Amino acid sequence: MAYTTVLTEIRGRVGIVTLNRPQAMNAFNTLMLTELFNALDEFDSNDAIGAMVVTGNEKAFAAGADIKEMAEKSPFEMIKQGRVELWDRIRSLKKPVIAAVSGWALGGGCEFSISCDMIVASETAKFGQPEITIGIIPGGGGTQRLARLLGKQLAMEMILNNRTLTAAEALQFGLVNRVAPVENYLDEAIKLAEEIASRAPLAIRMAKDSINAAFETTLTEGLKTEKRNFYPLFSTEDQKEGMKAFIEKRKPNWTGK
Ligand code: CO8
C-alpha cells in the first residue's frame, strides 16, 4: 500500500518503516498514526518478514503527538480517537520491532521507542517526556514504562521536570541496546533486525511473548507463561531441525513450522 506520512521498504527479511513528516519533526498526526500501524500490521502478517525497524530522520525520531492537531480537542474527542492506546499494540505484534532513534524522541516519540522491543540509538539521540511543559502528562505509557525501565526516581525527574536523557545516559541506564555514530545507527539497527529475522520464527515469537509477560505478572505467573510457550516449541519442525543441525555441526534451515 502507498503511504504519504511513512515510507516503507523491505530489505531481506526486514521491514523498515520511516516516519516521514520532517517538516513537523515527525510529530504523530492522525494520518501518520494510521499509516504507521497499517504498515506495521502489513509487515507483521507477511511471512517473508522476520523483524521490523521503525526509524525517523537524523534530527528527529519523533517529537511526540502533533500539538497543533491536539490543542483544541475535548476529552471526549481524545478518547474517541483512541490514540494513546495504540502504543500498547506494539507488544502484541508477533514480530520484534526495533526502534532506530536519532535526534529527538520526545513525548509520544519517546513512548513509542520504549514500547518497541529494542532500541538502537545514534549518538545524537535525546529521550524526554516534555508533556508537563504543555500542561499534560504522558498518555502513551510513559509513566508506567519509564518507571519500570529506569526506576521511580529518574522517571519522576523526566516526567515531572522534563529531564532529557542523552544517548550515552540512555545506554548507561539500560534504556537502549546500543549506540552508534549518526552515520550508521540505522544500518546497525537493520543488521540487528536481520540477525533476529534469520532465527527460528516461532521461537522468536514465543520469546517476545514470554519476556513481555514479565512486565504483567508475578514471577510465578510469568514462569507459567514461559512454560506454556516453551513446551509447544517441541512440536515444531524448527526445534527438530535446530537440534539436528547442532548435532550434525551445520547451520539450521528454518521453515517457521
Ligand atoms: N507537534 C506539532 N508540531 C511540532 C511538534 C509537535 N509535537 N514538534 C515540532 N513541531 C513543529 C514545530 O511547530 C515547527 O513547525 P513550524 O516550522 O511550522 O513552526 C517544526 O516542527 C520544527 O520545530 P522547531 O522549530 O520547534 O524545531 P527546534 O529544532 O527549535 O525544536 C523540538 C525541536 C525540541 C523537538 C521542539 O520542536 C519541541 O519541543 N517540540 C515539541 C515536543 C513536545 O512537547 N512533545 C510532546 C507532545 S505531547 C505528546 O506527545 C503526548 C503523547 C500522547 C500519546 C501518544 C499518541 C500519539
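In this report, helices (H or I, at least four residues) and strands (E, at least two) are DSSP runs, numbered from the N terminus. The structure is a predicted model, where local features need pLDDT of at least 70, side-chain atom pairs count only at pLDDT 80 or more, and totals for chains, interfaces and linings use all residues. Residues are numbered from 1 along each chain as its sequence is written, and side-chain values use heavy atoms, with hydrogens and water left out.

**Two loops to start with**

Let's begin with Arg 91, which sits in the loop between α4 (83-86) and β5 (97-101). With a relative accessible area of 31%, Arg 91 is partly exposed; here buried means under 20% relative accessible area, exposed means over 50%, and partly exposed is in between (1.4 Å probe, protein chains only). From Arg 91 to Tyr 231 the C-alpha to C-alpha distance is 22 Å, and the two are 140 residues apart in sequence.

The loop between β2 and α1 holds Met 25 and Asn 26. Met 25 has a positive phi, near 55 degrees, although the residue is not glycine. Asn 26 is another non-glycine residue with a positive phi, near 60 degrees. What about their exposure: is Asn 26 buried or exposed? Asn 26 is buried, at 0% relative accessibility, whereas Met 25 is partly exposed at 30%.

**Aromatic pairs**

There are eight aromatic pairs in the structure. Rings of Phe, Tyr and Trp (its six-membered ring) pair if their centres lie within 6.5 Å; planes under 30 degrees apart count as stacked, over 60 as edge-to-face and the rest as tilted. Here are two of the pairs.

| Pair | Centre to centre | Angle between planes | Class |
|---|---|---|---|
| Phe 28 and Phe 112 | 6.2 Å | 40 degrees | tilted |
| Phe 61 and Phe 112 | 6.2 Å | 35 degrees | tilted |

Phe 28 belongs to the loop between β2 (14-19) and α1 (30-44) and Phe 112 to helix α5, so their pair ties together parts that are 84 residues apart in sequence. Phe 61, in strand β4 (residues 60-62), is 51 residues from Phe 112 in helix α5, and this pair also links distant parts of the chain. How accessible are these rings? Phe 28 is buried at 2% relative accessibility, and Phe 112 is buried at 0%. Phe 61 is buried as well. Ring pairs join Phe 28, Phe 37, Phe 61, Trp 87 and Phe 112 into a cluster.

Another ring has a charged neighbour: Lys 126 lies over the face of Trp 104, 4.7 Å from the ring centre. A charge sits over a ring if NZ of Lys or CZ of Arg is within 6 Å of the ring centre and within 35 degrees of the ring normal.

**Strands**

Strands of a sheet pair through backbone hydrogen bonds, either parallel or antiparallel. Two strands pair if DSSP finds at least two bridges between them. Four strands make an open sheet with mixed pairing, in the order β4-β6-β8-β9. Two bridges join β4 to strand β6 (residues 104-106) in the parallel sense, and Ala 60 has Trp 104 in β6 as its bridge partner.

Elsewhere, β2 and β3 run parallel and are joined by five bridges, with Gly 15 standing opposite Met 52 in β3. Five of the five residues of strand β3 (residues 51-55) are buried, so this strand is largely enclosed by the rest of the structure. In a regular strand the side chains alternate between the two faces of the sheet. In β3, Ala 51, Val 53 and Thr 55 point one way and Met 52 and Val 54 the other way, all of them buried.

**The largest pocket**

Rolling a probe the size of a water molecule over the atoms shows where empty space is left. On a 1 Å grid over the protein atoms alone, a pocket is an open set of points where a 1.4 Å probe fits, with protein on both sides within 12 Å along at least five of seven lines; lining residues have an atom within 4 Å of a point. Grid points are joined across faces, edges and corners, and a volume is the space filled by probe spheres set on the points.

The largest pocket holds about 730 Å³ of space. Which residues lie nearest its centre? Of the 27 lining residues, these are Ile 114, Cys 116, Asp 117, Asn 212 and Phe 215. Elements giving two or more residues to the lining are α5 (108-115), β7 (118-122), α6 (142-150) and α10 (201-213). The largest share, five residues, comes from α10.
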